[in-house]
Amino acid sequence: MTFSLRPDYGDTELSALVERLRDYLEGELAEYEHHRGITREGRLTRADLEPVWRRSRELGFYGIHLPTEYGGQALSFTALAALKEEVGASERLLGHSVLGDMGGPLRAGDVLRHATEHQLREYLLPVVRAERACCFSLTEKEAGSDVRSMSTTAVPERDGYRITGHKVFSSAGPFADFAVVVARMNDTENSFSAFLVDLDSPGCTVLDGDTPMSGEHIESDVVLRDCFVPAANLLGAEGEGMRIALGRVTTNRLLHCPTVLGATRRVISLTRQRALTRKVANGQTLLELQAIQHKLADMAAEFYAARSMTYEALRALDNGADVRTEAFMCKLFVAESAFRIADEAVQIHGKEGLTQGSEIEHLFRKIRMFRVLTGTSEIQRNGIAKGLARLEH
């Protein structure tokens, strides 16, 4: 793997896919965003997203990772990561809807293999077809990294369950039709089940979630008060909810990294251009100053290291290897490196880097979040330490 700010995958099917994706992101989707007046500060609506879901499905990108029987191309994890990186590197504010991250097939995750025929027909296949949208409701205010301390409970009754609880940070919640809700079985300490909950059910309320520092209005609270869920909506068996929720945690941890790598790629590109064009004393450009040269050199080297280790782990995953420890390492190193790179970028941009509304300032805020989201850096270090303890002497 060589260093590049616009990777070339040679004469391969992946190269053709990446070029088609770039054309869509830089052309048609850019025009759509301009026509709709989409801005970083604006609040998105379902009406903004649905046309992107459908068009991305027509172009073959929406759910492209899925098996062929679901209309996908059964992409390897490495190939999917390359596409996620391109989305992250683009300027598109609706990029999260192209591959299905925002309420689509990527948000549904691995639950398809746990679903019954009824659940596939009524819930999950409509998501794949860009007809419905879902969110995942696991986190609670007092149950973040320690999800097993959740207080949401499910009480079995005839023909179904009554669920009560308050979920937070349900990404895509403002646009979703149903949620995958994980709840503790009533009167148990360590038995959790997963349910498909229609968000318009009596006893279910969707509230605006807290606005993250990125400024995106994509989170919801899902409040359940004695909400009845039919037995047919139990996902998997009783007691399997946590296994279903966390079953692909290693894969998901790795697949979050390419999106951040893409955003970091964009940061380096913007900073390089700034250094090439910004004049300072005596008519010199920033890039002619050795201090700036060294900063950019360090940024590029860290990015290359983070990207290389991520794709190496993804290739191992594609080959069937157990990469739990490597996934922790990638999440930690990508998050911390991306933050350092973004911080230097703000420094090089000067006042523009501090100005709300500038792209570099927005990217800094988005990248900073990755040190906490999907597991804090401290959690990743704990996982690495456990992996080291398991190593054979």
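Predicted model: local features only at pLDDT ≥ 70, side-chain atom pairs only at ≥ 80, totals over all residues.
Trainee: Which residue does R22 form a salt bridge with?

Mentor: Here's the general idea first. Side chains of opposite charge can pair when their charged atoms come close. In this structure, R22 pairs with E19, and their closest N and O atoms are 2.7 Å apart. Both sit in helix 1, three residues apart, so about one helical turn separates them. E19 is partly exposed, with a relative accessible area of 35%.

Trainee: How many salt bridges does a search of the whole structure find?

Mentor: It finds 32. One of them links E240 to R243, with the closest N and O atoms 3.2 Å apart. E240 is partly exposed at 27% relative accessibility, and R243 is partly exposed with a relative accessible area of 46%. Salt bridges can also share partners: E19, R22, E85, E86, R265 and R307 are joined into one network that way.

Trainee: Now the inside. Which residues have the most contacts in the largest nonpolar core?

Mentor: To read a core, look for buried nonpolar residues whose side chains touch. The largest one here has 66 residues, and L29, F61, L83, L94, V98 and L254 have the most contacts inside it. Several helices each supply at least two residues of this core, including helix 2 (46–58), helix 3 (77–89) and helix 7 (249–277). Another core, of 25 residues, lies apart from it, with L112, V128, V147 and V180 among its members.

Trainee: What is F61 in contact with?

Mentor: Set aside the neighbours within four places in sequence, and F61 touches L17, R20, L21, Y24, S56, V98 and L99.

Trainee: And outside, which residues form a nonpolar patch on the surface?

Mentor: M1, F3 and Y304 do, with about 280 Å² of accessible area together. F3 is found in the segment before helix 1, and it counts as partly exposed at 40% relative accessibility.

Trainee: Is T285 buried or exposed, then?

Mentor: T285 counts as buried, at 12% relative accessibility. Its place is in the loop between helix 7 and helix 8. Leaving out neighbours within four places in sequence, T285 is in contact with A275, L276, R278, K279 and V280.

Trainee: Let's zoom out. How many helices and strands does the protein have?

Mentor: Twelve helices and eight strands. Its radius of gyration is 22 Å, close to the 21 Å that the globule rule gives for 393 residues, so the protein is as compact as a globular protein of that length. The C-alpha trace spans about 80 × 60 × 40 Å along its principal axes.

Trainee: What percentage of the residues count as buried?

Mentor: Of the 393 residues, 51% do. The accessible surface comes to about 18400 Å², and 50% of that belongs to carbon and sulfur atoms.

Methods:
Residues numbered from 1 in each chain as written. Heavy atoms only, no water. Patch = residues over 30% accessible without salt bridge, like charges linked within 9 Å, V, L, I, M, F, W, Y side chains within 5 Å. Areas by Shrake-Rupley, 256 points an atom, 1.4 Å probe, with all protein chains shown as cover. Salt bridge = Lys/Arg side-chain N within 4 Å of Asp/Glu carboxyl O. Helix = DSSP H or I, 4+ residues; strand = E, 2+ residues; numbered from the N terminus. Buried < 20%, exposed > 50% of the residue type's maximum accessible area, 1.4 Å probe, protein only. Core = buried A, V, L, I, M, F, W, Y, C linked by side-chain atoms within 4.5 Å. Contact = heavy atoms within 4.5 Å. Rg over C-alpha atoms; globule rule 2.2 N^0.38 Å.
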